[in-house]
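User: Hi! Could you walk me through the strands in this one?
Analyst: Happy to, here it is.
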Amino acid sequence: MLSLSADNILLNQYAKNKQEAIHLIAHQLVQHGNVEFGYESGMINRENQISTFLGNGIAVPHGTLETRHLVKKTGIQIMQFPEGVEWEAGNIAYVVIGIAAKSDEHLTILQQLTSILNDECITQKLAKVNDIDEFIALFNGSKVLPIIDADLISFNENTTSLITLSAMNAEKLAEKGYVDTQFIQSVITAQPLKITDNLFIVDSEEGNQANGIAVVKGKENKILITFSHIDQSLKPQWEKLLNKEVYKQLFTFEKKSQFVKFFTEKLVSQAVSSKKKIVNPHSVEKTFTIHNQYGLHIRNSTILVNLIKGYDVKVKAQNIDTKSPLVSTESLMNILSLGVQKGQHLRFVAIGKDAQVVLEEIGKAIDSGLGEE
């Protein structure tokens, strides 16, 4: 994982344009021994090839293949521009992260960065915060933890005791770093909120360290859901549990993956009568192997995102090898967050009238190298 210190960060900087911002960040990389003089030209050339603007006010300038020999040690330097720098038409960068990396190390860095910076609330704070320690805390924040995964879900056919079920959930959250001992003590003595006869929710105002959800399904189909929260990000998940037409699905689930999907997918409007059910007859999927030497990085990921945008379709992608969640391909940061390396398998699920066509075009683009020889 990336390890930040005050030496990696400069706050409250100013640059009149992108070129000046890159010059400043390149100078920092040289000063800190990450690269040799001349790496800046590679960063400029990379921008001329394709923009390194990720979205959410973040840009990640880095060199080209031709300037990798100038990298002395892998690392990043960060500069904050509270007034913003126009990176490309209509896109303003407030936090610029200069990357120095050899071979395919930059993919790991990008994956770590996107898992942090895909949260718009965090990036907005990073753009304005005046304290370096607070900046580092935000950057390395516990929000990089998934809100739920298989390790936070359990089945126990031996008890219907809410105290026991609460203790099970709290222990799992604590093991993963979502909560501390104060949280555990609080929830096991709290009276859970009853949603229906066999569905209960519990949370605490104390001991929360990250947003997370733990689920335990006990004897007689009794379900207890425990929320750990440090902000309002889990509001959509709460709302699902207040909608009878939605939460009743929980009692049919027999696999952990079903619970994960339930809490990670966006809520589809239920204001549809039984005579007007939403149907997606054009949903198709295909899996492709990535052959690019350095996997999916900014340039070829941008080509992929732009290709899909040309069709009337919604597409999600999943890195099968790392068992990543399905993410929307509308966001460049989402694609980079998959951390796809050479030889890994990328699964695409497309919904819409152009679903079959877009998957065929994705396959052709991947086979042709996504713009790389």
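User: Which strand does β3 pair with in the parallel sense over two bridges?
Analyst: Strand β3 (residues 58-59) pairs with strand β5 (residues 91-100). Strands here are DSSP runs of E, at least two residues long, and helices are runs of H or I of at least four, both numbered from the N terminus. Two strands count as paired if DSSP finds at least two bridges between them. Ile 58 stands opposite Val 95 in β5.
User: Before we go on, what kind of model is this?
Analyst: A predicted model, where local features need pLDDT of at least 70, side-chain atom pairs count only at pLDDT 80 or more, and totals for chains, interfaces and linings use all residues. Residues are numbered from 1 along each chain as its sequence is written, and side-chain values use heavy atoms, with hydrogens and water left out.
User: Back to the sheet: in what order do the five strands form it?
Analyst: The order is β1-β4-β5-β3-β2, an open sheet with mixed pairing.
User: Why is one side of β1 and of β2 left without a neighbour in the sheet?
Analyst: Because β1 (9-10) and β2 (53-55) stand at the edges, each with a single partner strand.
User: New topic. Is β8 mostly covered or uncovered?
Analyst: Mostly covered: four of the five residues in β8 (residues 199-203) are buried, meaning under 20% relative accessible area, with exposed over 50% and partly exposed in between (1.4 Å probe, protein chains only).
User: How many residues lie between β7 and β8 in their hairpin?
Analyst: Two. The strands run antiparallel, joined by three bridges, and Leu 193 stands opposite Ile 201 in β8.
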